[in-house]
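Dear colleague,

I am handing over the structure below, together with some notes on its aromatic side chains. Please read the notes alongside the coordinates.

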Amino acid sequence: MKKVITYGTFDLFHQGHLNILTRAKKLGDYLIVGVTTEHFDEMRGKVNVIDSTLERIENVRKTGLADEIIIEDHEGQKIEDIQKYNIDVFTVGSDWVGTFDYLNNFCKVIYLERTPDISSTMLRKSRFHIINLGIVGTGRMAPRFLEEDKYVSGIHIVCAYNIEEDSGRSFQNKYELPVYYHDYQKFLEHIDAVYIASPNETHYQYAKQALQAGKHVLSENPVGLSKNDVEELYTLAEDKNLVLLEGIKTAYCPGFQQLLNTVQGGKIGEIKDVEACFTRLANPNSRERTDENYGGAFLEYAAYTLLPIFKLFGTRYKEVRIDSILDEKGLDVYTKIQLIYDQGMGTAKCGVGVKSEGQLVVAGTEGYILAESPWWLTKKYVVRYENPDVIEIFEPRFQGDGLRYEISEFASKINGLERNAYKLTKDEILAMSEITEIFMNKRMEQKRNDSIRGDRNRADRC
Ligand code: C2G
């Protein structure tokens with residue numbers, strides 16, 4: 001009996017898929033079809049497959065052409081399968097010519113003519129219209145966004161906006177993307193959605209204008225500096241049926257979701273303490289170290305460190321205490337936020353001029369979870385117990401620099417595929433903005449005191 005094997009995602013099953021399976025079947029007596037898992041597709045850069053693995057398997061089954069259907073979930077599996085199933089022929093479409101020649105060492109490789117003018121990508125595009133997106137701010141985040149966006153189909157970056165013409169122009173030259181200066185409304189007219197990566201204090205205004213103009217918003221954190229402002233933006237988005245997503249990347253990373261599930265599954269008993277730390281020694285000339293009003297450690301990293309605390313203890317804390325170490329300009333180089341709950345406590349530490357161990361520790365009554373730096377991408381975490389010899393290691397999937405998960409969530413929400421906001425809830429964002437407001441008020445008060453003290457010193461000298 002001649003055995004044939006072929007593989008595919010088979011998303012939005014179409015004529016091209018049917019043709020290849022029909023032809024593959026004719027190459028032998030027994031056809032095995034490998035259908036990819038979401039995990040495997042993500043590993044190879046296909047992030048927004050629409051149909052679930054089960055739906056895709058069902059569609060292959062319904063053709064009646066496969067004698068056996070298997071799951072493909074890891075790199076290197078093809079060789080294993082060929083040997084395990086005693087395969088004579090491996091076949092795949094002509095879009096892969098050359099790629100699988102190495103399998104000739106194990107069986108015969110045949111590339112079949114690909115059906116022209118049809119593909120899952122085309123169908124995805126016709127089902128969901130392409131989202132034309134504009135980037136606000138052409139600083140450090142914009143190039144990263146351009147790079148990671150390539151892995152999310154359905155979002156097309158069409159232009160950028162920068163109030164500063166010089167930096168806009170150099171971005172335009174490098175990335176060949178039209179950049180609008182000065183006229184934000186004109187920029188908005190060309191797009192369906194914005195990604196806001198401008199300085200902290202400008203997020204709110206840009207987001208508000210975009211929402212008022214009927215555009216979806218993905219904003220770097222914090223989207224507003226007071227609870228009222230953030231609430232206003234959410235209400236505006238809800239009223240207009242628009243997506244407003246805050247760019248706290250950790251929330252969308254698959255590993256972070258898995259870590260939360262591990263804790264919530266009860267592995268370490270009842271959670272009593274969550275401690276998260278994120279520090280980076282920023283360049284002394286950087287915005288974080290020089291902008292006296294909107295720089296500093298809190299505005300840079302507090303949201304990331306508060307996230308696991310809110311996720312695990314909720315947003316109804318009893319007390320909050322914020323302490324900062326300030327530099328000579330009054331900027332917080334290191335900030336510690338302590339939250340007291342009925343059931344436990346949380347500490348969030350962040351720094352831009354003080355270095356510490358960047359880790360997340362979740363302490364429970366039966367053990368603890370440790371995620372080492374960069375825990376905010378959550379590529380790995382361990383569960384440990386009283387017995388030091390027992391260590392469970394988790395290494396979740398992770399691709400690129402994490403931004404693609406956030407972009408993919410944004411696209412899914414706009415397309416109505418992902419309605420549930422459990423990864424980052426409005427409640428959590430509002431609780432963060434409440435703490436941001438306390439911090440900003442403290443900063444303002446300290447500035448007032450400093451200036452009164454300065455005036456007095458000057459008066460004393462006179
Ligand atoms: N195909 C085709 N004609 C099309 C579209 C797809 O012949 N118009 C073929 C592909 O060449 C592939 C199969 O249909 O052989 C499944 O295509 P996809 O679902 O796009 O899966 P793909 O990413 O090609 O997976 O391990 C996975 C395999 O390597 C291929």
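**Rings and charges**

The charged end of Arg404 is placed over the ring of Tyr151, at 3.7 Å from the centre of that ring. Please keep in mind that this is a predicted model, and that the distances and angles quoted here are computed from it. Tyr7 in turn belongs to one aromatic cluster, which it forms with Phe90, Trp96, Phe100 and Tyr102.

Turning to ring pairs, the structure holds 23 aromatic pairs. One of them is formed by Tyr184 and Phe187, which are stacked, with 5.6 Å centre to centre and 25° between the planes. These two residues are 3 residues apart in helix 8, which covers residues 184–189, and so they are separated by about one helical turn. Tyr184 and Phe187 are both buried.

Another aromatic pair, that of Phe398 and Tyr405, is tilted, with 6.0 Å centre to centre and 50° between the planes. Are the members of this pair, Phe398 and Tyr405, buried or exposed? Phe398 has a relative accessible area of 13% and is therefore buried, the cut-off for buried being under 20%; Tyr405, with a relative accessible area of 7%, is likewise buried.

Note on methods. Residues are numbered from 1 along each chain as its sequence is written. This is a predicted model: local features need pLDDT of at least 70, side-chain atom pairs count only at pLDDT 80 or more; totals for chains, interfaces and linings use all residues. Side-chain values use heavy atoms; hydrogens and water are left out. Rings of Phe, Tyr and Trp (its six-membered ring) pair if their centres lie within 6.5 Å; planes under 30 degrees apart count as stacked, over 60 as edge-to-face and the rest as tilted. Helices (H or I, at least four residues) and strands (E, at least two) are DSSP runs, numbered from the N terminus. Buried means under 20% relative accessible area, exposed over 50%, partly exposed in between (1.4 Å probe, protein chains only). A charge sits over a ring if NZ of Lys or CZ of Arg is within 6 Å of the ring centre and within 35 degrees of the ring normal.
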